[in-house]
Amino acid sequence: MSAQWNLDDLYTSFNSTAFLTDVKKCESLKRRYSDLVISLLSSHIDEVASIEGFLKTYIEDITLLRKLSTFGHLTFATNSKSQEALSLKAKVEQFISELTSPMVAFKLWLKEVNDLTPLADQSSFIKEHYFYLMELIKSTEHMLSSEEEILISKLVATGSSAWETLQSKASSQLSYEVKLPEGTRNMPIMAIRNLAFSPDVEIRKIGYFSELSAYEKHAEISAAALNGIKGEVLTLSAMRGFEAPLDETLYNSRMSREILDAMINSMESYLDEFRRYLKLKSKLLGNEGALPFYDLFAPVSDTDRNYTIGEAHEFIVKYFGDFSPELSQFADHCFTSNWIDFEPKEGKVGGAFCSNIPSIKQSRVLLNFTGKLKNVLTIAHELGHAFHGDRIMSESILNTSYPMPLAETASIFCETIVRNAVLKDADDDLRLSILENSLQSATQVVVDILSRYYFEASVFEARKDHPLSVNELKELMLTAQKKSYGDGLDENFLHPYMWLNKTHYYATRNFYNFPYAFGLLFATGLYAKYLEDKAIFVSKYDTMLKATGKMNIQEVCALMDIDPSSQLFWDASLKKIKEDVDAFEEIVQKKCR
């Protein structure tokens with residue numbers, strides 16, 4: 001088992017025969033689809049043949065484009081200085097833009113079909129893609145003219161997509177001279193951020209102030225990128241007839257405003273419980289009053305020992321086995337097949353993610369593993385994404401795109417499996433460590449996510465009027481943090497640059513914040529159902545994961561007998577987190593007597 005992932009099943013290199021052949025094939029996309037539109041979409045004489053012919057060609061090409069795109073993305077993620085990866089990214093974006101015109105033509109042609117139902121009765125292929133086809137028809141409600149859509153697809157490549165690439169490249173290569181007790185070191189930004197997990201408060205403070213200073217050097221670039229991206233979104237969202245970008249996000253997420261409001265209202269009603277946890281942690285660390293930001297990720301127990309990669313492997317495979325042998329075997333396969341890139345290094349992007357790759361029916365997981373229990377739980381989380389991908393890869397690639405709020409379901413569920421399994425037999429010291437890791441994560445997913453949600457909403461509102469300066473962005477972030485964290489965090493030590501290190505603000509998807517909260521609370525509710533009847537749950541869970549790409553959120557939740565538009569469901573999940581705060585408080589009170 002290697003500490004680095006292996007991408008050979010995609011391509012062995014940018015010079016390999018397979019890679020060059022696939023790029024060459026994509027160069028004929030424009031001509032191929034020009035002929036396809038003429039031959040299949042000129043009439044409605046044989047609608048079944050037209051739909052099957054167009055979609056089968058599209059499936060072949062989109063599978064290939066995603067394969068190329070993933071190779072470039074994964075290469076760039078571990079080496080942001082790779083010019084070959086950047087060049088491939090630009091090429092794939094150009095190839096994808098060539099599909100805009102034929103896809104617009106197909107959507108408009110589909111809209112003219114009187115009724116898809118009898119066609120689905122005639123064709124198992126159309127029946128398999130019925131939801132996808134209906135979504136295409138529905139999307140024409142917000143579609144511009146063919147010429148406008150084609151122009152937009154080309155401009156995005158040199159607009160928001162280029163801004164995103166610039167911000168990602170600049171931020172991942174950022175470094176700073178950090179004055180540590182043993183001497184001054186030039187450290188990459190991810191290594192600086194990892195100082196927040198040090199058991200030494202002075203090191204954490206050094207990391208906090210160094211991070212803020214480093215971001216000062218980079219702030220103007222990120223502010224320009226953010227303004228460019230959000231300005232483009234506002235323009236296009238309005239042109240497509242949405243009242244606001246949030247409405248477009250909900251539309252694309254197959255989620256109603258009623259569901260979002262129910263969840264947000266529930267989250268806000270439980271903020272005091274999270275603030276109680278933060279003040280308890282502050283007390284445990286010896287602070288007077290609220291928790292300073294530099295202590296947000298501080299370990300609270302010596303029990304939070306370091307894990308090797310091998311130990312993390314054994315740990316996760318063991319506890320996944322408590323849920324199902326299939327999940328355990330799948331996780332073991334991910335480790336032993338070198339699907340995971342573990343360690344931080346210069347030029348590697350921060351955070352963690354999982355990329356599911358339908359073309360080879362595999363996944364790849366990126367981590368910045370430093371050996372803490374929190375990192376082990378992060379592995380479990382990302383392997384949950386990979387397991388979701390494994391379940392859904394039995395579907396057509398057109399049925400594998402699940403909406404953002406459901407994207408975190410399997411990941412947080414898997415994280416919960418490991419966390420609860422360890423808690424079961426833990427003594428007070430280990431319970432404290434596990435509860436701290438769990439509550440720290442839940443606070444990020446509920447409280448910090450709310451601050452990000454508030455911030456992004458305020459940025460869109462302000463950006464309607466003018467491009468925002470660095471100082472304006474900092475003020476909006478501080479306002480959002482104060483609103484969500486309240487008296488849980490020390491107002492003298494917040495993080496005004498949090499908008500800079502969260503890549504989701506720069507991605508093509510807007511409001512990629514509340515889906516994390518949805519995932520945590522939905523998975524928490526699912527876990528409660530699992531405990532009620534484990535045997536029945538496992539098969540229903542698999543069915544639900546497979547359905548996430550071909551149902552709306554209300555329908556997916558209904559498969560598990562859950563109503564997400566009811567605040568009662570979200571309240572029930574948050575009560576489970578409150579129980580963890582109660583348990584945490586009990587241990588803290590013992591230790592502080």
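Biologist: Is Phe 511 buried or exposed?
Modeller: This is a predicted model. Phe 511 sits in the loop between helix 23 (498-501) and helix 24 (514-532). Its relative accessible area is 3%, and the cut-off for burial is under 20%. Phe 511 is therefore buried.

Biologist: What is the phi of Phe 511?
Modeller: Most residues other than glycine have a negative phi. Phe 511 is not a glycine, yet its phi is positive. The value is about 55 degrees.

Biologist: Which loop holds Asn 338, another residue with a positive phi that is not a glycine?
Modeller: The phi of Asn 338 is about 60 degrees. Asn 338 is placed in the loop between helix 17 (325-336) and strand 3 (340-341).

Biologist: How many helices and strands are there in the protein?
Modeller: A helix needs at least four residues and a strand at least two. On that count the protein has 27 helices and 5 strands.

Biologist: What is the radius of gyration of the protein?
Modeller: For 593 residues the globule rule gives 25 Å. The value for the protein is close to that, so the protein is as compact as a globular protein of that length. Along the principal axes, the C-alpha trace spans about 80 × 55 × 50 Å. The radius of gyration is 24 Å.

Biologist: What share of the residues in the protein is buried?
Modeller: A residue counts as buried when its relative accessible area is under 20%. The accessible surface of the protein comes to about 24,500 Å², with 50% of it belonging to carbon and sulfur atoms. Of the 593 residues, the buried share is 59%.

Biologist: What share of the contacts with a separation of 6 or more joins residues 24 or more positions apart?
Modeller: A contact here means heavy atoms within 4.5 Å. Among contacts with a separation of 6 or more, the share from residues 24 or more positions apart is 76%.

Biologist: How many Å apart are the mean positions of the positive and negative charges?
Modeller: The protein has 63 positive and 82 negative charges.

Biologist: Which backbone nitrogen does the side chain of Ser 198 reach?
Modeller: Ser 198 lies in the loop between helix 11 (189-194) and helix 12 (201-239). With a relative accessible area of 14%, Ser 198 is buried. Beyond four places in sequence, Ser 198 touches Ile 203, Arg 204 and Pro 299. At 3.1 Å, its side chain reaches the backbone nitrogen of Asp 200.

Biologist: Which residues does Asp 542 touch, not counting those up to four places away in sequence?
Modeller: Asp 542 belongs to helix 25 (residues 534-547). Its relative accessibility is 16%, so Asp 542 counts as buried. The residues touched are Glu 326, Phe 387 and Arg 391.

Biologist: Is Lys 127 buried or exposed?
Modeller: Lys 127 is part of helix 7 (residues 124-128). Its C-alpha is 9.0 Å from that of Leu 116, which is 11 residues apart from Lys 127 in sequence. The relative accessible area of Lys 127 is 59%, and the cut-off for exposure is over 50%. Lys 127 is therefore exposed.

Biologist: How far apart in space are Leu 36 and Asp 580, C-alpha to C-alpha?
Modeller: Leu 36 is in helix 2 (residues 29-40) and is buried at a relative accessible area of 12%. Beyond four places in sequence, Leu 36 touches Leu 41, Phe 54 and Thr 57. Leu 36 and Asp 580 are 544 residues apart in sequence, and their distance in space is 58 Å.

Biologist: Which residues are in contact with Ile 152, leaving aside its neighbours within four places in sequence?
Modeller: Ile 152 lies within helix 9 (residues 146-158) and counts as buried at 13% relative accessibility. The C-alpha atoms of Ile 152 and Thr 479 are separated by 34 Å. The contacts of Ile 152 are Leu 144, Leu 236 and Arg 240.

Biologist: What distance separates the C-alpha atoms of Leu 520 and Ala 410?
Modeller: Leu 520 is in helix 24, and at 12% relative accessibility it counts as buried. Its contacts beyond four places in sequence are Ile 412, Ala 442, Val 445, Val 446 and Ile 577. Leu 520 and Ala 410 are 110 residues apart along the chain, and their C-alpha atoms are separated by 9.6 Å.

Key:
Residues numbered from 1 in each chain as written. Predicted model: local features only at pLDDT ≥ 70, side-chain atom pairs only at ≥ 80, totals over all residues. Heavy atoms only, no water. Rg over C-alpha atoms; globule rule 2.2 N^0.38 Å. Buried < 20%, exposed > 50% of the residue type's maximum accessible area, 1.4 Å probe, protein only. Areas by Shrake-Rupley, 256 points an atom, 1.4 Å probe, with all protein chains shown as cover. Lys, Arg positive; Asp, Glu negative; His and termini not counted. Charge placed at Lys NZ, Arg CZ, Asp CG, Glu CD. Polar contact = N/O pair within 3.5 Å; in protein donor to acceptor, adjacent residues only side chain to side chain.
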